[in-house]
Amino acid sequence: MRRFARAFSIWVAACVMGVFVSAPAMAAEVKASRIVAIGGSVTEIVYALGEEGRLVGRDSTSVYPPEALKLPDTGYIRALSPEGVLSLNPDLILMLDGAGPPPALDALKAAGVPIVTIPEGFDHKAIVNKIDAVGAALGVQEKSKALAAKVDAALGKAVALSATKDRKSRVLFVLSPREGRLMAGGGHTQADGIITMAGAENVFSGVEGYKPISDEAVIAAAPDVILMMTGAGDHAASDDEVLALPAIAETPAGKANRIVRMDGMYLLGFGPRTADAIVALHEALYSNRKPGE
Amino acid sequence: MAATTVVEEPAMQAAKPLRAAVPQMVIAALIVGVVVAAGISLTAGASNASAFAVAMHWTGLAPADAILPRDLLIIEAIRLPRVVLGLLVGAALAVSGAVMQGIFRNPLADPGLAGVSAGAGLGAAAMIVLGGSLALPLTGAFGYAALPVAAFGGGLFTTIVLYSLSTRLGRTSIATMLLAGIALGALSGAATGLLVYMADDKQLRDLTFWGMGSLGGATWQKIATLAVVVTASFCALPFMSRGLNALALGEAAAWHMGISVERLKRTAIVIVAAMTGASVAVSGGIGFVGIVVPHVLRLAIGPDHRVLLPASALLGGALLVLADAVARTVAAPAELPIGIVTALAGAPFFLWLLLRRRSILDL
């Protein structure tokens, strides 16, 4: 009996270790077929690997490709509901780092569902790492190696191409122009990452995170271009409204009517499409026309 | 200010013949209501796990292998704790509201007036925003419990400050407390605003969701902690009911009736602070229960605290558990913050009730 108990406890320990340490390897053997993808770029990578048939759910930030919207939505990445996720009967949860809340993750772990955390990051290498991690978790290393190599090369090319300008365009990323109080993208944000990769300069890279910025600071920063997301919610102010804001009207960007809009997930997702986004952003920033004209 | 006083006398006279029978019936109906609400909440959820099957499993009526371990886990470790936590939080908030309205003799009083909610909000914000860096020893010691501990600490701290501000020579001025509470609330709000300013976008999202409340993190450990606070507080209620009834006539009148007014106020503030602080700590900001439940009951059964307090506990618990069932199922497999549900359902109902019974409330 005791020997059995010992064998059993070793086995349990091995399983626990398996979940935490070598979940990708384990998943590769079992080949999970009911996967919940949490995090927009994680979902995008699963689609890019052609493994979308194994997905049974996503979070609310997974909005690309449009087919992904048909999957059941388990809520915002930081406010997951454990029963909601379990109701999809997943055998693997692919989770972008930072998903939560922690009690929900505890409940999911208690339910014995393997969870693989995909590291998040806002630069070239981070994207490649994400693809490797997702590929390993899905047990499709062959495909993910190919995708990672392709994306790696595309990113390298896009960044190299973007780095050719001798005068860097000064960009102000506006998350939202709430009632004229600008929420700008500072350093260590997705916006900062993509602006840098597109060969431009983020005027507020010295400020940490997304922050409300005073009108005077905006004028003093003298951005050449305003960068915003297209679409939903309170980001919906029109170009003219934004350019007419007192803070912006006085800047070079306001005087030259230079505003660039790109889809939020495309611009800030840091997934397989980022190389294209860099090229598109670079062209939009350095051309004299507005995108789409 | 005098609204409750005005209600008191005609209501008492008119309802006197009924008094003997009605309270027992209301309490009995509410107990049935709590059981039904708990039943509905246990049965409803994003997954198809069956509470009935689990009940069969518990009682041994079904073979042991008839139930999936996943379903067992969903019912036992996710839904059941939420239902129990919902009952406790709802009861604590509703009773706190009823006590505050009694002490302040003001229909607008809610648990937030003791400064607890604002202080707890500040504590939570501090933990969410600074928890990663400044408060490392605290997060290290408490793990995820650091957030509720910080919220409870913040609530307790503001209440102590508020109480000492409004107490001179052993007498607590309710008017000072009301006004100082507003000032302290503004101060906590400003400090919270500063933290919001410092927060990154993920922390902002966490703050927003915290403010809207959730029973999502229910664990038996949290329940045990809250249960101790709520049980201890409830033990004091029978001794407070008579005093609160007398207080409706004014502090002087209550004193002449032999009520130790100062002790009553002190007890009330301590139990409200403890119950609200503990509730807010485990479930975030759930508004409206503390205001709506006591008023609905006052309209239905009159202002006698001997019935009002236990009835508030039952109705508060039942309503919060039902609201949680809605929050869990409406957007499944995602989840709505419960504060949205309580306000969305509670506010229009309350308005409707007010309009119908306007004359009685004399507002």
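This is a predicted model: local features need pLDDT of at least 70, side-chain atom pairs count only at pLDDT 80 or more; totals for chains, interfaces and linings use all residues.
Which are the buried residues of α13(B)?

1. **The buried face of α13(B).** The buried residues of this helix are B:Val289, B:Gly290, B:Ile291, B:Val292, B:Val293, B:Pro294, B:His295, B:Leu297, B:Arg298 and B:Ile301. They make up ten of the 13 residues of α13(B), so the helix is largely enclosed by the rest of the structure.

2. **Length and end of α13(B).** Helix α13 of chain B runs over residues 289-301. At 1.5 Å a residue, its 13 residues should span 18 Å, and the end C-alpha atoms do lie 18 Å apart, so expectation and model agree. After the helix comes B:Gly302, with a positive phi near 90 degrees.

3. **Chain B as a whole.** If you are setting up an overview, chain B holds 16 helices and two strands. Its sequence has 363 residues, of which 49% count as buried. Among contacts in chain B with a separation of 6 or more, 78% are between residues 24 or more positions apart.

4. **Where the chains meet.** On the chain B side, 23 residues are in contact with 27 residues of chain A. Two elements of chain B, α4 (69-104) and α9 (201-212), each give two or more residues to this side. By residue class, the chain B side divides into ten nonpolar, five polar and eight charged.

5. Turning to chain A, A:Arg170 sits in strand β5, which covers residues 170-176. Is A:Arg170 buried or partly exposed? A residue needs 20 or more other C-beta atoms within 10 Å to count as buried, and A:Arg170 has 19, so it is partly exposed. Leaving aside residues up to four places away in sequence, A:Arg170 touches A:Glu201, A:Val203, A:Ala222, A:Pro223 and A:Asp224. Its C-alpha atom is also 9.1 Å from that of A:Leu285, a residue 115 positions away along the chain.

6. Phi of A:Ala222 is near 45 degrees, a positive value in a residue other than glycine. With 13 other C-beta atoms within 10 Å, A:Ala222 is partly exposed. As background for a backbone check, most residues other than glycine have a negative phi, and most peptide bonds are trans.

7. **A:His188, again with positive phi.** A:His188 is a residue other than glycine whose phi is positive, near 55 degrees. Where does A:His188 lie? The place is the loop between β6 (182-185) and α8 (190-197) of chain A. A:His188 has 14 other C-beta atoms within 10 Å and is therefore partly exposed.

8. **Cis peptide bonds in chain A.** Please look at two places here. The bond from A:Tyr64 to A:Pro65 is cis, with omega near -10 degrees, and A:Pro65 belongs to the loop between β2 (55-58) and α4 (82-86) of chain A. A:Gly100 and A:Pro101 are also joined by a cis peptide bond, with omega about 5 degrees. A:Pro101 is found in the loop between β3 (92-96) and α5 (102-110) of chain A.

Technical notes: Residues are numbered from 1 along each chain as its sequence is written. Chains are lettered from A and ligands numbered from 1 in the order in which they are written. Helices (H or I, at least four residues) and strands (E, at least two) are DSSP runs, numbered from the N terminus. A residue is buried if 20 or more other C-beta atoms lie within 10 Å of its own, exposed if 12 or fewer, and partly exposed in between; C-beta atoms are placed from the backbone. Two residues are in contact if their C-beta atoms, placed from the backbone, lie within 7 Å. Ala, Val, Leu, Ile, Met, Phe, Trp, Tyr, Cys and Pro count as nonpolar, Asp, Glu, Lys and Arg as charged, and the others, Gly among them, as polar. The expected span of a helix is 1.5 Å times one less than its number of residues.
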